[in-house]
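Here is a short report on one protein model.

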Amino acid sequence: MNLLRREFFARSAHEVAPDLIGVTLLVDGVGGRIVEVEAYDQDDPASHSFRGQTLRNAVMFGPAGHAYVYRSYGIHWCLNVVCAERGRAEAVLIRALEPQHGLEAMWSRRGVQAERSLCSGPGKLCQALGVTGAHDGLPLDEPPFELRARTEAPTIVTGTRIGLTRAADRPWRYGLAGSPYLSRRF
């Protein structure tokens, strides 16, 4: 099994994002195959790093290969992977995955029966995997995280990002073609 190391993330979020499709993400052994992500860079008005470093977004400013976890609308946790070189704040939001490991834990945490509903959105995914603010800043190549490299090149589709008011037209959303586990069809 080939695990991703921090060096994998020391590139532009626009390079890392499509390369994450098909990677297996586990948190304490619970997770599955990543099927949808969105890229955010420092020049992007929709990015948390656009206006500079704050206490909330400090993790985005490096180093690469760490988790950036924040609350969306004060309700849902969202998991991002920090990309690029130190000082350049970029990240990839993990939007959806195909549940494969620890389904009982996911069902218990989410309170839903439909497998498709377990991780088909960034908030659902974090709830199913047990990701909280306590994971913010943790390295992605050490427990509780495990990222297993994909074993084959997937067919990737692209589209505009979801739920944004700024820079919503940028085609920086990537997904696994034909996956029933996407948060929304492309």
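## Aromatic pairs

Tyr70 counts as buried, at 14% relative accessibility. Buried means under 20% relative accessible area, exposed over 50% and partly exposed in between, with a 1.4 Å probe and protein chains only. Tyr68 is buried too, with a relative accessible area of 1%.

The model is predicted: local features need pLDDT of at least 70, side-chain atom pairs count only at pLDDT 80 or more, and totals for chains, interfaces and linings use all residues. Residues are numbered from 1 along each chain as its sequence is written, and side-chain values use heavy atoms, leaving out hydrogens and water.

A pair of aromatic rings is described by the distance of the centres and the angle of the planes. Rings of Phe, Tyr and Trp (its six-membered ring) pair if their centres lie within 6.5 Å; planes under 30 degrees apart count as stacked, over 60 as edge-to-face and the rest as tilted. The count comes to two aromatic pairs. Phe8 and Phe9 are edge-to-face, 5.0 Å centre to centre with 80° between the planes. Phe9 is buried, at 1% relative accessibility. The ring centres of Tyr68 and Tyr70 are 5.3 Å apart and the planes are at 35°, so this pair is tilted.

## Two helices that cross

Helices (H or I, at least four residues) and strands (E, at least two) are DSSP runs, numbered from the N terminus. Helix H2 spans residues 103-110 and helix H3 residues 122-129. They pack at an angle of about 115°, with their axes 7 Å apart. Axes are lines fitted to C-alpha atoms, for helices over the stretch in contact, and angles run from 0 to 180 degrees between N-to-C directions.

Which residues make the contact? H2 brings Met106, Arg109 and Arg110, and H3 brings Lys124, Gln127, Ala128 and Leu129. Contact means heavy atoms within 4.5 Å.

## Two buried strand residues

Thr24 sits in strand S1 (residues 24-27). Thr24 is buried, at 13% relative accessibility. Not counting residues up to four places away in sequence, Thr24 touches Gly32, Arg33, Gln100, His101, Glu146, Leu147 and Arg148.

Glu36 belongs to strand S2 (residues 30-40). Is Glu36 buried or exposed? Glu36 is buried, with a relative accessible area of 0%. A polar atom of the Glu36 side chain lies 2.6 Å from the backbone nitrogen of Ser183. Leaving aside neighbours within four places in sequence, the contacts of Glu36 include Ile21, Leu93, Arg95, Ile162, Tyr174 and Ser183.

How values were computed
Polar contact = N/O pair within 3.5 Å; in protein donor to acceptor, adjacent residues only side chain to side chain.
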